[in-house]
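Colleague: I have a few questions about this model. Can we go through them one at a time?

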Amino acid sequence: MTTTMGLVQSPAPPMAVRTGRTRVRRVLGAIPIMIFGLYVVVGLLGPLFIDYSPVGGDLDDRLLSPGSVLSDGSTAVFGTDALGRDLFGQVIYGARTSLIIGTLVVLISGLVGILVGTAAGYRRGTTDLAASRVIDVLLAFPGILLAIVIAGVFDRSFAIVVVALSVTNWIGFARLSRSMAMTLRERDWVKSATVMGVRRRRIIARHILPFIAGPTLALATTEFAGAILAEASLSFLGLGLPSASVSWGQTIASGKEYLASAWWISAIPGIALALLVICVGFTGDRLTRYFSRKQ
Amino acid sequence: MMSGSQREESRRVSAGTLRVRDLTIVLPGPRGMADVVDGVSFDMVEGRTTGLIGESGSGKSLTAMALVGLIPDTGVVRGQVLLGDEDLLKAGRARMRQVRGAEISVVFQDPSTALNPTMTIGDQVGEILRERGLSRSQARERAADLLDHVGIPDAAARVGAYPHEFSGGMRQRAMIALALAGQPRFILADEPTTALDVTVQARILDLLGRLRDEDHLSMLLVSHDLRVMSHVADDLVVMYAGRVCERGGAKAVLNRPLHPYTDALVRSVPSVHVESAIADPLPGSPANPFDRPAGCPFHPRCPLAEDRCRTEVPALREIVPGRFSACHFAELAERTSDSGAEELR
């Protein structure tokens, strides 16, 4: 009787340890996603509660360290910059800018990339040849260089930044959906739909795109992080958004002369940027793992 | 010159038959372009099952797929596939889309890969009907009828199920329902039972036979399984290395082969009742159609091979009425087989 009990019971403890470990791992894995979610909430709702104007600084409050009290009696949690503008406001408005640009770039480049990639991969032939050569040519340039050229040629504006970043970002989507469409078109259910006389557009919509969606979502997160980083780089170089808008890149650039005396001007938006990019990266990895396991 | 009514008459008759003439498929191989399928001709006669048999790599699946215009992008097709008076190999993309599903449709080998895992069975069966302008609910209703027709129990409730909820045999039934959705006259079944359990195979073959009779279909059954063929096929086309080596009525071909390859195939089939399981296995390996031996492609494995077979390609010719063979010695085999046939049986 006791032996039976022992046999029945002994497998249980290792199971408990394993589930405990996976739970810890699961909680740890959720942290980046939660931080990413926090950024989204702050970026969307923060500007509704906090007033900030890029031309509203008071020169009496310039270069105050984090936690200082301003001349109007309020507290600057993250300090102020060289023109007396509140850094906390800049970080929050900058988050909104980054999220909007990242989302727009991913949407536009994702749409274009999937369209081109799927058409090339499914139709093959000259369509594929043309698309592949364009991709090869664009790949020959470092992405940010191309964005700098485009952003540099035109006047600084929101739309130009989005276009300049999309021009390089769609390639990733195109390559992914092209390779996936190429393997999917050989699947029997695609052949079956083809010999049943189903229209090409319908086949792509119902037998190909649903399978591309998951991995594309995973790719979209990393491309999103890349776009945010690239926008900050452009703005840092003075090629990005107009100076009337708020961007982390601009704030970091404005603080680079004061690194020795007022480190917080560059450091705080820099940390905000790095943390966001890292968390989005982790989220992307998780999604990639999830979708590759599902396949 | 035919009169109008005569021509009309001949069209009506010949429309029931799909005629394949000199079908040649050229594919790029390791050593340049090769005729992987070389001058294949046969008929799919209305209401009959035509069996296309051969070892793997003999080009039988490629031949079947070419009938619906599904060949690799890099391939070239020559010859004729005649539906009535129309050559389908010359048909445009739009016309081909009309033919597919509505005139000719295909049952694939493995139903677990031929059904889209993200779509319900009903949506997939009804897809071609939606294409033709039926509403979603109409297509679903028709799909349920079709599933019922192929013997899926409780079909109305199962149109909303996904392929993974079906067993292998049920999936193949659903696949057949899908092929029937466009009300085609010709069904190409590419190894329809190979991926199934032996017990399910017989039921699927029965179903195909029943549908052929009820819906007046012509069927092309592609298989390497001689036993499947002997049960189901009315006519038989035996392929070797991309060429037809023998053609004729199934019973006659299997009982009195007029080509040494068919003979070897028949002998190599394991019989349950005979002591030695694999009676007489075929020596050597199948000829590679990319690197076909000169002369008769079967000569390296043929017990009858002579010098002539190594150089001269035997023509496919009528040996007895309705029986074609591509062997130099077919006439000889025909004359001597009267005694041999008894032995075989």
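Modeller: One term to begin with: domain bounds come from an automatic or database domain assignment. This is a predicted model, where local features need pLDDT of at least 70, side-chain atom pairs count only at pLDDT 80 or more, and totals for chains, interfaces and linings use all residues. Residues are numbered from 1 along each chain as its sequence is written, and chains are lettered from A and ligands numbered from 1 in the order in which they are written.

Colleague: Into which domains is chain B divided?

Modeller: The assignment gives chain B two segments for domain 1, 4–103 and 184–344. The C-alpha centres of domain 1 and domain 2 of chain B lie 30 Å apart. The domains of chain B are domain 1 (4–103 + 184–344) and domain 2 (112–183).

Colleague: Which element gives the largest share of the side of domain 1 of chain B that touches domain 2 of chain B?

Modeller: Two residues are in contact if their C-beta atoms, placed from the backbone, lie within 7 Å. The contact takes 13 residues from domain 1 of chain B and 12 residues from domain 2 of chain B. Helices (H or I, at least four residues) and strands (E, at least two) are DSSP runs, numbered from the N terminus. On the domain 1 side, α3 and α10 (198–214) of chain B give two or more residues, and the largest share, 5 residues, comes from α10(B).

Colleague: Which element gives the largest share of the side of chain B that touches chain A?

Modeller: Here 23 residues of chain B are in contact with 17 residues of chain A. Elements giving two or more residues on the chain B side are α3 (93–102), β6 (104–107), α4 (111–114) and α6 (127–131). The largest share is 5 residues, from α3(B).

Colleague: Is A91(B) buried, exposed or partly exposed?

Modeller: A91(B) is found in the loop between β5 (86–87) and α3 of chain B. Leaving aside neighbours within four places in sequence, A91(B) is in contact with E86(B), M96(B) and V99(B). A residue is buried if 20 or more other C-beta atoms, placed from the backbone, lie within 10 Å of its own, exposed if 12 or fewer, and partly exposed in between. A91(B) has 16 within 10 Å, so A91(B) is partly exposed.

Colleague: How do the axes of α3 and α4 of chain A cross, and at what angle?

Modeller: Axes are lines fitted to C-alpha atoms, for helices over the stretch in contact, and angles run from 0 to 180 degrees between N-to-C directions. The axes of α3 (87–123) and α4 (125–140) of chain A come within 7 Å. Angles under 35 degrees count as roughly parallel, over 145 as roughly antiparallel, 65 to 115 as roughly perpendicular and the rest as oblique. So α3(A) is oblique to α4(A), at roughly 135°.
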